[in-house]
Amino acid sequence: MTATLVKEASRGAAVGAGRERARRSRRRARIIALLFVFPALLLLGALVVYPVLFSVGRSFFDASGTRFVGGENYAEMFRDPATLKAIRNTTIWVVVAPALLTGLGLILAVLVEKVRWATAFKLLLFMPMAVSFLAAGIIFRLAYDEDPDKGVLNAAVVSVHDAFQGTSTYPTARARDGQGLAKGTDGSYRTNGTVSPGESVTLGLVGVLPADLPGDARPAYTAAEGKAGPGELRGVVYLDFTPGGGGEQGKVDRRESGLPEMTVEAVQAGKAVASTTTAADGSFRFEGLDDGSYTVKLPGSNFAAPYEGVSWLGPTLVTPAIIGAYLWIWTGFAMVLIGAGLSALPRDALEAARMDGANEWQIFRRITVPLLAPVLTVVFITLVINVMKVFDLVYIIAPGPVQEDATVLATQMWLVSFGGGNNQGLGSALGVLLLLLVIPAMVFNVRRFRGSQR
Amino acid sequence: MNAVRRGLGNGLVQAFLVVVGLVWMTPLAGLFLSSLRSAEDTANGGWWTVFTSPGQLSFDNYSALLENAGISQAFWNTVLISVPATLLVVVIAALAGYAFAWLDFPGREAIFLVVVALLVVPVQIGLLPVAKLFGQLGLFGTIPGVVLFHVAYGLPFAVFLLRNYFAEMPKEMLEAARMDGGSEWRIFTRLVLPVGRPAIASLAIFQFLWVWNDMLVALLFADSASQPLTVELQSQIRQFGSNIDVLAPGAFVSLVVPVVVFFAFQRHFVQGVMAGSVK
């Protein structure tokens, strides 16, 4: 009996000791676990969580941080024109960039599946993701240079423009006063007097450097001597300047050059009735004109200043231009992510549609896009979050004077807090606004994670 | 007939993609060719003139860059910031990720949800308070300060990624290791880290790139002695035209490292960027 009691007791003691040991080892395990997470929690707490709380608090105080101003900074945000501009530009970014990128990514992802070098293409387009915004900014500052002789984009725009519109050959040419030519408001020149068929005219211009003459220009003297036939109105456009001096103003001297490829119009009663172009020696002629008196006109297009291209980084286009640079960086991302979704699509649905005779466009509209909708949403949301925080690209690409036209929330927050504004109350409020804007994404992430854990 | 049309369609697709590819390459080619020309040449004409007069090309800008004390210092600063910031994030996040996945401690689930919530917190909101804090700690304007900031803001994503990856490990594997009497530290170093290598590689590449390419954080937290390449180049951008012989090769040097990493670790890189884009 005692023995059993002792036994019982000792067993009880043993169980107690076992429990004690188990409890101790559980405590030990917890301490070890806390040691594992401690560095991460310390850094997150001190440098992320605490700053968020601090900024929220700070946003209710004035610039010096001593006076509580309530929501004043938030009201100021919508009064201050510069901040308002930033809100407007960020809205443009968020509306335009993610939609363009998702669309472009979708189109390229679908198309690239059809070629054999898909991998190489994807790599090429994804590569800009490795490049810093700073380097991309420098790249695009170069590309967007306004001078068509330096910026590749304007070089392209100007050459396309000139291919369709033609270039004016004599932007600097003008007529001397009192030599029979009058300047019109549209930059054209016309003869003061009138001429009739059977007569000839000489139109002298100056202001063209001999070096700027077209290579095929010939002296105009012989052509100026020629007599007009009946019913023919002829003349010569020449450079009224003798190289090396000599020569007489208003007369075609022996060594004076014709001005080729000049457009000439015969005008009657204010209407151009015939048009022609001068030959290498500057001569032109109109045939088959009705009798009557005409004035001869050199249209303004001959003298138009050369087309200078587009002012990409000017106040109006700077935001679209920077969005363009952003597209260069992120299109590959959208394409690869959508491409991954595409390769996970059920092949049979596509095959069945093809068997039913659907064409590629119908398959794309009716099957591919609806099935891809979840992937497209993720890409779109990801891009929205990233676009809202865009900073470096705007800061680098927009030239100093245009900076305020291009400003977005992140750059404005920087300028207000550190870049001369020195209003850390308003700066904090802008930071909090940025945080508020991403809260939907935060909720989305937390929900999705909890969903995945069930 | 159908085959002909399809062939024609495919030809059009190919042509279109070739054009897109060329458009994508042009800006980068422009930067590279500009970096090989003198500032004078750049002022007189576009980089495409090298195709007609290749005599402009020389590596003079690059050798000048090597002599440029500011730039070479900035390059080393970039390395001194990126490498520790990457290593620290990987180590700290791996420890925490393992604890969140397999160890038991009070508030584990709730704390991890906070980490998930922190994923999208913009860096901007931390700039001002952390600058004040670092000012008091004497870390403002130093490389360790920049590194710590990057580590802290890299952690939510890093912990999230690694915890999820580690949680996929089979339970039996860990229990077997515990039965064998391995300490948690031993299990972590001998089992968890090797198994987690793919995720760790993606994370490391993403974090390295993020820090290497950063300008905003360093713009505030680094002083002129500790500033990385991005900040150094940024400070010269006001006189864009006259500094182009420094800016173009400098930008090229700064992007050549990530691009090499990109081509060397394509798959990890793409996965890392994909996963990290939630940031």
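A: Helix 4 (residues 118-126) of chain A has three buried residues: A:Phe121, A:Leu125 and A:Phe126. Helices here are DSSP runs of H or I of at least four residues, strands are runs of E of at least two, and both are numbered from the N terminus. A residue is buried if 20 or more other C-beta atoms lie within 10 Å of its own, exposed if 12 or fewer, and partly exposed in between, with C-beta atoms placed from the backbone. Viewed down the axis of helix 4 of chain A, the buried residues fall within an arc of 125 degrees, so they line one face of the helix. That arc is taken from the directions that run from the helix axis to the C-beta atoms. An α-helix has 3.6 residues a turn, so residues three or four places apart point the same way. The face of helix 4 of chain A turned away from the buried side carries the exposed residues A:Thr119 and A:Ala120.

This is a predicted model, in which local features need pLDDT of at least 70 and side-chain atom pairs count only at pLDDT 80 or more, while totals for chains, interfaces and linings use all residues. Residues are numbered from 1 along each chain as its sequence is written, and chains are lettered from A and ligands numbered from 1 in the order in which they are written.

The domain assignment of chain A gives domain 1 (72-157 + 312-441) and domain 2 (181-302); such bounds come from an automatic or database assignment. Taken over C-alpha atoms, the centres of these two domains of chain A are 55 Å apart.

Next come the sheets of chain A. One is an open sheet of five strands in the order 1-2-8-5-6, with antiparallel pairing. Two strands pair if DSSP finds at least two bridges between them. Strand 1 (181-183) and strand 6 (271-277) of chain A are the edge strands, each pairing on one side only. From one strand to the next the twist averages 30 degrees, with axes being lines fitted to C-alpha atoms (for helices, over the stretch in contact) and angles running from 0 to 180 degrees between N-to-C directions.

Within this sheet, strand 5 (residues 263-268) of chain A is joined to strand 8 (residues 295-298) of chain A by three bridges, and the two run antiparallel. A:Ala266 has A:Val296 in strand 8 of chain A as its bridge partner. Six bridges link strand 5 of chain A to strand 6 of chain A, again antiparallel, and here A:Val267 is partnered by A:Ala272 in strand 6. Strands 5 and 6 of chain A form a hairpin with two residues between them. Most residues other than glycine have a negative phi. A:Ala269 counts as exposed, with 9 C-beta neighbours inside 10 Å.

A:Glu261 also has a positive phi, of about 60 degrees, without being a glycine. A:Glu261 is in the loop between strand 4 and strand 5 of chain A and is partly exposed, with 18 other C-beta atoms within 10 Å.

Another open sheet of chain A has three strands in the order 3-4-7, with mixed pairing. Its edge strands are strand 3 (200-205) and strand 7 (283-287) of chain A, and its twist averages 20 degrees from one strand to the next. Strand 4 (residues 232-239) of chain A pairs with strand 7 of chain A in the antiparallel sense over five bridges, and A:Gly235 stands opposite A:Phe284 in strand 7.

Last, the contact between the chains takes 74 residues from chain A and 78 residues from chain B, where two residues are in contact if their C-beta atoms, placed from the backbone, lie within 7 Å. On the chain B side, helix 1 (residues 2-35) of chain B gives the most, with 15 residues. That side of chain B has 58 nonpolar, 17 polar and three charged residues (Ala, Val, Leu, Ile, Met, Phe, Trp, Tyr, Cys and Pro count as nonpolar, Asp, Glu, Lys and Arg as charged, and the others, Gly among them, as polar).
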